[in-house]
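Student: I would like to learn how to read the features of a model like this one. Could we go through them one at a time?

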Amino acid sequence: MTGVWRRFAVLLAACLMIFPVSLMKVYGESLSDTEELRGVWFSYLDWENLPSDEVEFHAAVDAVLDRCVELKMNAVFVHVRADADAMYPSAYFPWSRFITGTQGVDPGYDPLEYFIDAAHRRDLQFHAWINPFRVTGYHNTWDKVSDSSRMKQWLTDSSAHNDRWVLKQNGAYYLNPAIPEVRRLIVNGVEEVAYNYDVDGIHFDDYFYPEVNDEDMNRWFDKPEYEASGSTLGIEDWRRENVNMLIRECYEVIKQTDEDILFGISPEGYVEHLRSDTRLFTDIDTWMSEEGYIDYIIPQIYWGFEQKLPDGQSAPYAFSANLKTWIALKHTGNVRLYLGLAMYKTGSRSLDNNETSEWLRYDDIISRQVREGRASGEVSGYCFYSYNSFQVEESQKEVANLMKILD
């Protein structure tokens, strides 16, 4: 669809009130199929460092994005929903506390709109980063969840039918993937971002199912829903299908809204962890091999070249072996492969079962990983975690070495 017809279709949809919102999108340029993606994750922890005052916020975002350009990035992956909240005015989720300090408080302007416009003015792609199921987490506890949050209302209203739509597991709260209404809420939130904003991509990370124990009623999470479902699948595959249904529905609504918006996921970097029967329940093999799930994958390969197991043997998830695994998985379908790399570990004592951490002994790990990805001919780009890690003193030698190989 040409740009003229895309704009016409969006305007027509708004006029017919097909969607719940009516802002017309402005379409920017995307990377070509041959251009290497170089992205950086800007997390809710980075949002916490931004001022809430509108004028000061604009200046701070400009400085962040200028720094991204200086770092030779061409894309930013920015949290728009970290904990069932929103960095923008949402019909479904309360304002994030990472904007004003208190969840549910309107800052009086649209931070996301400015962030996207400012990124595009600098020719940076903008991917809207969502944690689909997480309600609370690091820096965001249940007592900080707003009374306006649907999740809190489900657990405090007089109705019993929605009491299991959000569940506490391992000390944190999660939306229940087994509930169709919950999946619809998440899909609606994705559609809201895709339709209202000129995003280049919608991006999920690795927070799906928490760890479960089906032998312990205090930790079996959605097992009651499984037992009531009558499913002929084993519980592990039933959980995977719950996630799969969400991913398929998100992909469909994104492409219906704008076929040019990419949908991607950044899972944990070790494939065998993703195939676990006790956590995550991410059906990575289906996502990578079948149409209608994702456009790109960014595995978080957050280990160096010399990562070892506790017994001293080379770990199967050390970088080079891990990269080969992901390339083989890429060959099962048509999903674009990017690599998520751990800038946050550089210059640190990150444990890798070596006598002295590899991350302390070398200052060119990240640049060598990029080189190896390029040499494979199978990797379409890189994303670095996180923005703040590019600023700290410990990482500067690694950053300098990386800059030498980025065009």
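Student: What volume does the largest pocket have?

Tutor: The model is predicted, and every value here is computed from it. Rolling a probe the size of a water molecule over the atoms shows where empty space is left. In this structure the largest pocket has a volume of about 490 Å³.

Student: Which residues lie nearest the centre of the largest pocket?

Tutor: Arg 134, Asp 205, Asp 206, Tyr 207 and Gln 300 do, out of a lining of 25 residues. By type, that lining divides into 14 nonpolar, five polar and six charged residues. Two of the central residues also interact as charge and ring: Arg 134 lies over the face of Tyr 207, at 4.3 Å from the ring centre.

Student: Where does the charged end of Arg 368 sit?

Tutor: Over the ring of Tyr 362, 5.1 Å from the centre of that ring.

Student: How many aromatic pairs does a search of the whole structure find?

Tutor: A pair of aromatic rings is described by the distance of the centres and the angle of the planes. The search finds 29 such pairs here. Take Trp 303 and Tyr 317: their ring centres are 4.8 Å apart and their planes lie at 50°, so this pair is tilted. Both residues are in the loop between strand 8 (296-297) and helix 12 (319-330), and the pair links parts of the chain 14 residues apart. Trp 303 and Tyr 317 are both buried.

Student: Why is the pair of Phe 384 and Phe 390 edge-to-face?

Tutor: The planes of the two rings stand at 90°, with the centres 5.8 Å apart, and the pair is therefore edge-to-face. Phe 384 has a relative accessible area of 0% and is buried. Phe 390, also at 0%, counts as buried.

Student: Which residues do ring pairs link into a cluster?

Tutor: The cluster consists of Trp 41, Phe 77, Trp 129, Tyr 296, Tyr 302, Tyr 338, Tyr 344 and Tyr 385. Ser 386 lies in the loop between strand 10 (381-384) and helix 15 (396-405).

Student: Which residues of helix 15 are buried?

Tutor: Glu 398, Val 399, Asn 401, Leu 402, Met 403 and Ile 405 are buried in that helix. Their cover includes helix 3 (54-70), helix 14 (365-376) and strand 10.

Student: Why is helix 5 described as largely enclosed by the rest of the structure?

Tutor: Of the 11 residues in helix 5 (residues 111-121), eight are buried, so the rest of the structure largely encloses this helix. The buried residues are Pro 111, Leu 112, Tyr 114, Phe 115, Ile 116, Ala 118, Ala 119 and His 120. They pack against several elements, among them strand 1 (37-42), strand 2 (75-81) and strand 3 (125-130). Helix 2 (44-47), helix 3 and helix 4 (97-100) are also among the elements they pack against.

Student: Is Asp 295 buried or exposed?

Tutor: Asp 295 is buried, with a relative accessible area of 17%. This residue is in the loop between helix 11 (284-289) and strand 8. Leaving aside neighbours within four places in sequence, Asp 295 contacts Tyr 251, Lys 255, Ile 261, Leu 262, Phe 263, Val 335 and Arg 336.

Student: What is in contact with Ser 348, leaving aside its neighbours within four places in sequence?

Tutor: Ser 357, Trp 359 and Leu 360 are. The C-alpha atoms of Ser 348 and Leu 360 are separated by 5.8 Å, although the two residues are 12 residues apart along the chain. Ser 348 lies in the loop between strand 9 (336-341) and helix 13 (358-361), and is partly exposed at 21% relative accessible area.

Student: What is the phi of Asn 353?

Tutor: Asn 353 has a positive phi of about 65°, although it is not a glycine. Asn 353 is in the loop between strand 9 and helix 13, and is partly exposed with a relative accessible area of 42%. Asn 170 likewise has a positive phi, of about 55°, and is not a glycine. Asn 170 is found in the loop between strand 4 (166-169) and strand 5 (172-175). At 47% relative accessibility, Asn 170 counts as partly exposed.

How values were computed:
Residues numbered from 1 in each chain as written. Predicted model: local features only at pLDDT ≥ 70, side-chain atom pairs only at ≥ 80, totals over all residues. Heavy atoms only, no water. Phe/Tyr/Trp six-rings, centres within 6.5 Å; stacked < 30°, edge-to-face > 60°. Helix = DSSP H or I, 4+ residues; strand = E, 2+ residues; numbered from the N terminus. Buried < 20%, exposed > 50% of the residue type's maximum accessible area, 1.4 Å probe, protein only. Lys NZ or Arg CZ within 6 Å of the ring centre and 35° of its normal. 1 Å grid on protein atoms, 1.4 Å probe; cavity = no way out; pocket = protein on both sides within 12 Å on 5 of 7 lines; lining within 4 Å. Points joined across faces, edges and corners; volume = space filled by probe spheres on them. Nonpolar A, V, L, I, M, F, W, Y, C, P; charged D, E, K, R; others polar. Contact = heavy atoms within 4.5 Å.
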